[in-house]
Amino acid sequence: MTIKRRSFLQTAGGLTALSLGLNAWAPPVFKRRLLAGPAGGPKRLLFIFQRGGMDGINAVIPRGDAEYNTDNRPTLYVSEGEVENTPYGSLDLGNNFAQLHPRMYRMIDVFRAGHMAVVHRVGYRGQSRSHFDSQQYYENGTRDRNLEVGIFNRLIQESSTFQENSLPAIALSSSLPVAFRGLAPVPNFSNAPDFKLRGTDSQVAKYLGRKRDEGITGRGLLGIYTGEADDATKPYRGQMYRTGVALADAMKVIKDEGIDPETYVPHPDALYPSGSFGDKLKQAAQIFKSTDVQILGINKGGWDTHTNQGRAHNGLLYDMGRAFQAMATDLQDMWDDTLVISMTEFGRTSKENGSFGTDHAEATVMFIAGGNVNGGVYNCDETTWSDGDIFSTSNGRYLAHRTDFRSILTEIFEDHFGDNASVLDKVIPDRAALAAADPLGFTKLGLIKQA
Amino acid sequence: MVVHWNSRTFIGRDYGNLLLVIIGFTITKRSIRELGKGISMNPNAGKGRTTIPPLRLLMRSLLGAALAVTLFSSTATADINFKRGDSNVDDAVDITDAIFSLSYLFIGNAEITCFDAADANDDGQVDISDPLTALGYLFTGGVIIPAPGVSECGPDETDDPLDCVSYEHCPQEPPEPTDLTKIGHLLNRIAYGPTLSAVDYVTEIGIDAYIEEQLNPETIDESENTDLLTRLADLHNERQPSIDRTILPPSSIWRFHRGTTPPPSNWDEPEFDDSAWEMGATSIGYGDGDDITVLEDMEDTYTSVYIRKEFQIADINTIDRLILSIDYDDSFVAYLNGTEITRSNNISGTPPAYNATSGGNHEAGEAEDFDVTNRKNLLVNGANVLALQGHNTSLGSSDFTINPSLISREILPGEPIIEYEDLDAIKAMVHVRGIYSDRQLQVVLADFWENHFTTDGEKVMEYLDELQNSDANDAMGSDQAEREAANMEAREYEFFLDNALGNFGDLLRFSAESPTMLIYLDNVLNFKGNANENYAREILELHSFGVDRGYIQDDIEEAAEVFTGWNVCKVLPEDQGDPHASCGVQYSDTTILDLGAGWKYFKGTEEPTPDNSGEEPVPTTQWADPDFDDSTWLDGSTGIGYGDGDDATVLSDMRNNYYTVYLRREIEIPDPFAFKNLLLEMQYDDGFVAYINGVEVARSETMEDEGEPPAFDTDADDNHEVDEGIEYFNLNRYLGIMQPGTNVLAIQVHNGSLGSSDLSCLPRLIDREILEGSVENGDPNGQWSIHFFPDLHDYGSKRLFDGRPYQLNIPTKPEGNPQMGYASATDLIDILVDSPPTAEFICGKLIQKFVNDEIPPSLLAECIATWNSSTPKGNIKEVMRTILTSEEFWAEENYRAKVKDPLEFINSTVRALEGDTDGRDLPDYMEDMGMHIFTRDEPDGWPETGVDWISTGGILNRIKFVQDFTANTEDFSWETQLFLSDNEIETSEEIVNFLDASLYQSTLRTDEIDILNEFLTTDNNYNNRALSPAQGDYIPRVQTGVSLMLSLPQWNFQ
């Protein structure tokens, strides 16, 4: 008996049902080519969560706003650039208004090829300025703190795009980001070669054992993890048991495909950042190239720049620029089917603080890159940004949002993954009500080219 | 064999045929089991708790007796709900029940688990009349099955000796937990899981008494707990507090002689004339980049260096203990007034020959103390000479260093200071307490508070690492920075431990005044007029009220002003914790060169002195040389630059035109070596490189490629503003390149971009003498403390929580009254402790920690009432008593309802197996599992809810830990053989059953037990291979099996 993912998850409405449904879970089949998307391969998404709150005004400079000046930003002010494609001075983004921070210069070619949407003033109504709350909000897509299911986890469960995929998503992170938490277990690791048990291959095989199935008794670890949960009515049972099974399944794929940032040979022109961020990006590219995994997530920390932001951003933005350049270059054969996006929980105060840094504020910038993206600058030009808008919140202190982050995700789910309204309603709860309350925030920008 | 029996097949057949059918099989025990499996293909089967055969119950009782005699009394079964007649427990009364009962009666192989159900006629016994009654009911009609009947669920209302162990198809009242499960629950929550001895102990004194003991940890005597005490002692050093007075400072100017030839034999005598020797600042050496006077020619040429220095002592009676503190590589011999006083233990010869080499490597990095108090008698009033010979380990060695100092050390009376070496040591300390302390609740709560008031020791370390002493040298190396950060964290942790069951207000106040918190949440950068909101936000959001409860953004901004001026300072130990104690360093500065006239400058529209020998002109430093002819340069004064209005010489054409301006000035210096500390004092925008006599002596962080002169069109790679503060550069290391007489200071100043709105350079030279009584940032005997800087505090009026019952109005305070300014913040803290949002938030967090992720509102209300009933509010012991004696805590639904975090997982694993660890390697495993205490970046602490700890990566790393732990790898050990013999277990079944009882309170099911036994009794291919102590691989196989038992999903719950 083979139960498809879809029906499994439908029966698995509550924890009790989930833990009971396990015996029937068929062993997954890996490396199966998915139904081709409109452009050929499966649709991919890499998201980079910039934890701590990126100062969008420093990353994408609203040069046309006279309030962007040395009075408001004595040390953070970036002067205009004059040398193309070098880290000297801000970089023109072609609309006589927005300019890119000089240290992101490595990705300017992606932008100029029309493969990157730079969306300024992203946020949401009633912005929380708490890291924890706002990260939860971004990753859950809703303010409901009791809903312990991340937005990408819901997408995997609901969207038909992922129904035939036994390993739809991986988080390249030592702890599982909220965006991936939920009923569909998503594997996570920061370094693929460590993603295995101790012992020789045969010792590991015995330890893992085999799943229970019709007519087959379980053995070893998998025998227990595919069994009925002890205390099945108590919290987290289903999630714990399914996660254990997902672990075993994912370890097999990672081992079979030899995912390893040390030995991976990327495209020679890809300028990966150094360090663990670069290693994670390399693994992301390798996984996209060799498996059918469709959604990958990476954390990039260090954005909580209360002090000496100028120096910190020099490194952080440099890495981000290289990240986009590397992915666009290394994944060029699947670039039309790929999106690389960044998000962060909030922007920062438009006025520099006394410690040469900035404090928590509201709207900020998202970058969306891919071969099928309608490239350009959004929400940072003369028609969308009035003079003084860096202080456009009602208290006159911060940059106010124009576009709700969920509107951008909606475009991605609709126009990249091809999801319909009924799926979107489940993935982004209260979508209609949110849009009614914030019509501008949910106005479609047209970020993805329509098929 | 699986027998597929369909009950419909038999309908209509007569009774006699049926019997024949049964007897016609050669029925064995095995086939009856298979029969059971065939029957249980019923789609409704398999839900709920699987029945436990009596044999296993018996086995458990026997094994349990070894564990704790009273724990395994038989379970009360009188009130099990069932359906009468359903002897095979398949939720239907049909022909298979009659067959099942007959098999039980006449073949003896069927196992009845619910005798009440099998007793179809309710006559108090199971006999032939029961299948007959069932058959009569099914086929003849008119037979009534007594209550509860065949379709209703209910208990047996007849008083009979029959038992019903379980009946899965009827809803059951939750079974009354046994003592063992209760004890297991208690120890899972108020301790880091059960140990065999803890279970025994609670059994002995009773649950209520144990709770009371744990609520009053001071009543638990730990003085005999050597498991704990010896491990704690191994994790720290003890040092008697002391005050050091420097007699001869490190990094000072010495005479030295390169050991290419032997020195005169009296070189170490006071009267030796060393005026022909070279002069240079210590440290002297090469390699490693740690030397100020670099001996470029030493490698491969000579192995020794002789150094000597005269110093004055006014009164030798003021010298306490005499300490030679020396950083060296690789060996040395030290002489005081011509007599050897001490040497490193790796050099021989008296004295060692000039070409001798050390007997072993010794790396520099941190000064080591040699106590030479017994040679104090060599000192005289007036001039003394310290002389040392340093030796390298070989001619070709890659480095050499010598940097001595002399200290008078006064040892203070009192308790020795406990010092941890690094952050890993305090992480290990937390594990050791969690695993071995008998005051378990206190430790669990200390860890809870540590997490609630989390600070990042690495951020503290980085802060310390960047500090300078007043002589502009680095205050400390990274090892000392980590050690100090670790001990600051340890001090904080100890307070949380000591007050774990105390008053919440004490904890909040301590945290606010804790140097680690002040540094971690940037309050050290919170100044009047330039508030930094970081701490103000988190004390409301994370430490007291909770996010979005009872405050708004305006309150955060007001609170930030309340905390302006709260800062840190290193003080004498007796002043620690006093925000108004004297702080800082006293020194006297002599200005050598002030801002003003006398400068020559050159606008950098081109290279001033290019080397044109190649294809491209290359920048040189010839323009900085003393003999460079600057007569064509312009005359100017400092500051020089444009924009900002801070310039005496304004370069009005610089913007959008050129990046760099070059400056030169002649300075008269009668005797370079007379300087105490020659400092270059700089304010600049955006970058510079400074030279003396053509040698680079200082460079801003914003200019790359140290040692290479930047080209005229180079931009600084970052903005830097004049008002970022004054930077000091110690130039003592360059005294050797200065001449008595005229010297040249030269500076090239670079802008961050051509279009920049300003550029500045404000250089000064000063000579600084550090005065006695100072506590430098790097002083190892000082202690970091809260310090209130009155000048940085905003004394204006503030209003918080406008319109709420706990509104706080702070009036304008008089400037110049630091006590009153400081009290604004302590008043705020008092309000926070007393206000309702704090009671709700902290009570909720405690309930979430100890009861369930979902906070029961009834219990929350009770806890808040307890919180408010004490004076002051927030007595944690009373709140904990309310929780631990509540119905909610003891409700069966909350047993094993929480997911262990990595700390709980690791500690409970070691405890369960009574393992041995010094704790040192555990932090790495914690980190792999996604938790690193004391070094979390984010201020919100590690999450408490289970959803945050369930991930594939988490499960994998937990399994890897138990694999390593049970296999005795790394530094912890589990003495498997001892564990087995102590508990008198040997066979697979004994091991599995014992651990089922001790780890899981005997809750594993038979199917799980079967899997575990199969695992232990097979080879890697699952072929049968008995487990016996006679086998050479018995212990490793047992270890792998135990590892598997700790890898189960169940072990993640508590």
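Which residue forms a salt bridge with A:Arg311? In this predicted model, the partner is B:Glu724, and the closest N and O atoms are 3.6 Å apart. That pair crosses between chains. On one side, A:Arg311 sits in helix 11 of chain A, residues 309-330. On the other, B:Glu724 sits in the loop of chain B between strand 24 (695-699) and strand 25 (727-730). As for solvent, A:Arg311 has a relative accessible area of 36%, so it is classed as partly exposed. The value for B:Glu724 is 22%, and that residue is also partly exposed. The cut-off for buried is under 20%, which is why a value of 22% does not count as buried.

Now the interface as a whole. Chain B puts 79 residues into the contact, and chain A puts in 69 residues. Between them the two chains bury about 6600 Å², with 51% of that on carbon and sulfur atoms. On the chain B side, the residues that lose the most area to chain A are B:Val947, B:Ile950 and B:Thr952. Together those three account for 10% of what that side buries.

Next, the polar part. I count 36 residue pairs in polar contact between chain B and chain A, with both residues at pLDDT 80 or more. Five helices of chain B each supply at least two residues of the side that touches chain A: helix 18 (534-544), helix 19 (553-562), helix 27 (952-966), helix 30 (1006-1016) and helix 31 (1034-1046). Helix 27 of chain B gives the largest share of that side, 9 residues. By residue class, the chain B side divides into 22 nonpolar, 28 polar and 29 charged.

On to the charged pairs. There are 10 salt bridges between chain B and chain A, and over all chains the count comes to 68. One that joins the two chains is A:Arg212 with B:Asp1007, where the closest N and O atoms are 2.7 Å apart.

Two salt bridges inside chain B are also on my list. In one, B:Arg764 pairs with B:Asp594, the closest N and O atoms being 3.3 Å apart. B:Arg764 is in strand 27 (residues 759-770) and B:Asp594 is in the loop between strand 16 (587-593) and strand 17 (599-603), so this pair ties together parts of chain B that are 170 residues apart in sequence. B:Arg764 counts as buried because its relative accessibility is 19%. B:Asp594, at 43%, counts as partly exposed.

In the other, the side chains of B:Lys603 and B:Asp653 meet at 3.1 Å, N to O. B:Lys603 belongs to strand 17 and B:Asp653 to the loop between strand 20 (649-650) and strand 21 (660-669), so the parts tied together here are 50 residues apart in sequence. Both ends are partly exposed: B:Lys603 has a relative accessible area of 26%, and B:Asp653 is at 30% relative accessibility.

Last, the domains. Chain B is divided into domain 1 (7-41 + 75-176), domain 2 (177-215), domain 3 (242-411), domain 4 (587-770) and domain 5 (902-1052). How far apart do the C-alpha centres of domain 3 and domain 5 of chain B lie? The distance is 55 Å.

Key. Residues are numbered from 1 along each chain as its sequence is written. Chains are lettered from A and ligands numbered from 1 in the order in which they are written. This is a predicted model: local features need pLDDT of at least 70, side-chain atom pairs count only at pLDDT 80 or more; totals for chains, interfaces and linings use all residues. Side-chain values use heavy atoms; hydrogens and water are left out. Contact means heavy atoms within 4.5 Å. Buried area is the accessible area (1.4 Å probe) that two parts lose on being put together, summed over both. A salt bridge is a side-chain nitrogen of Lys or Arg within 4 Å of a carboxyl oxygen of Asp or Glu. A polar contact is a pair of N or O atoms within 3.5 Å; within protein, one must be able to donate a hydrogen and the other to accept it, and residues adjacent in sequence count only if both atoms are side-chain atoms. Helices (H or I, at least four residues) and strands (E, at least two) are DSSP runs, numbered from the N terminus. Ala, Val, Leu, Ile, Met, Phe, Trp, Tyr, Cys and Pro count as nonpolar, Asp, Glu, Lys and Arg as charged, and the others, Gly among them, as polar. Buried means under 20% relative accessible area, exposed over 50%, partly exposed in between (1.4 Å probe, protein chains only). Domain bounds come from an automatic or database domain assignment.
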